[in-house]
Amino acid sequence: MPDPTGKDRRMLKPETRKSADGVSPVERLHALVAADMAATDRMIHARMGSGVALIPELSKHLIDSGGKRLRPMLTLAAARLGGYGGDRHINLAAAVEFIHTATLLHDDVVDASTLRRGKVAANLVWGNKATVLVGDFLFSRAFEMMVDTGSLRVLDILSAASAVIAEGEVMQLKSESNLGTTEEHYLKVVNAKTAALFAAAAESGATLCDRGPEFVNALRAYGENLGIAFQLVDDALDYSGRQALMGKAVGDDFREAKVTLPVILAYARADRQAAAFWKRVIEGTQSESDLERAITYVEETGAIQETMNRARHYADNAAAALKPLPQSEIGAALADIADFCVERAY
């Protein structure tokens, strides 16, 4: 029977995703790979060093700002899940974090962001030029560490992902201030900008194991679907008060006239008055009171709930991708993280 409230009850049971002591699945996975995470953090801080003092100073501003290191954690977890016993996964995880950090620095310049992880964005502190160049430095360091693994396959996976991420940035420019953006184009951007690195992080860690293509493909599918779910939730949160609790400014996407799924759905379901509003604020000009009205429209049309339902679909796909693999504590934590990434919006 359908839920009379219109809400999917699976999204409203955080108690099933936390232990009695309140530990989240992300925290649980971190504990399971704690020694590897500590080694990865040491590697990150060692390799972001430079004789040019501004480089480590700016890098640390973002790297030490409280991020959960989820992407490198996926790399470490995939390697451990496959029984890998070496230490090359540490280099690989640090490289993944550097790629992620570099893309965030570049994103903040492109988007003229003011806040990142609850702190003033680096581009406002050091300027656009320094922020872009330090991002370039971190990309270069990431490739050095990929080479250090001695695996051409790993180098292929992460270098291809880096190119796809850049393509996604360019693709997103086409959807800014463009209400003609389709759901298909939007999902292509999400796959490129976000899911590609999640997928590559998990796939590269799995590649270090001698487990065959089925194992590697399962971890890649998990990462890709998790990344899509993660981004859909982020885009929904941009129109929610929960965003402020996560260290991000509410309405950033709206102010930047980004056409994300909540906007696409709200515009498609809009009456004449609402359609005129969206036309003005996305393709024209905005006033101070417009964000509150936009939030009302996306809520009244069910666009937020529909976006969350789509996120749930991809989270379920991520968990399902792990089912053929042998049961383990790490595998269970990964499956729970897929649910948790959706539930964090509630």
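Predicted model: local features only at pLDDT ≥ 70, side-chain atom pairs only at ≥ 80, totals over all residues.
Let's start on the inside. Rolling a probe the size of a water molecule over the atoms shows where empty space is left. In this model, the structure holds 1 cavity of 30 Å³ or more, and the volume of the largest cavity comes to about 50 Å³. What lines it? You'll find H61, L62, S65, L105, D108, R116, K119, V120, A121 and A122 around the largest cavity. As for where they come from, α3 (54-63), α5 (88-111) and β2 (119-120) each give at least two residues to the lining.

Now head out to the surface. There, V110, V170 and L173 make up a nonpolar patch, with about 270 Å² of accessible area together. Take L173, which sits in helix α8 (residues 152-175). Its relative accessible area is 45%, so L173 counts as partly exposed.

Last stop: the backbone. Most residues other than glycine have a negative phi. R69 has a positive one, near 55°, and you can find R69 in the loop between α3 and α4 (70-81). Is R69 buried or exposed? R69 is buried, because its relative accessibility is 10% and the cut-off for buried is under 20%.

A257 also has a positive phi, near 60°. Look for A257 in the loop between α12 (252-255) and α13 (261-268). With a relative accessible area of 7%, A257 is buried.

Technical notes. Residues numbered from 1 in each chain as written. Heavy atoms only, no water. 1 Å grid on protein atoms, 1.4 Å probe; cavity = no way out; pocket = protein on both sides within 12 Å on 5 of 7 lines; lining within 4 Å. Points joined across faces, edges and corners; volume = space filled by probe spheres on them. Helix = DSSP H or I, 4+ residues; strand = E, 2+ residues; numbered from the N terminus. Patch = residues over 30% accessible without salt bridge, like charges linked within 9 Å, V, L, I, M, F, W, Y side chains within 5 Å. Areas by Shrake-Rupley, 256 points an atom, 1.4 Å probe, with all protein chains shown as cover. Salt bridge = Lys/Arg side-chain N within 4 Å of Asp/Glu carboxyl O. Buried < 20%, exposed > 50% of the residue type's maximum accessible area, 1.4 Å probe, protein only.
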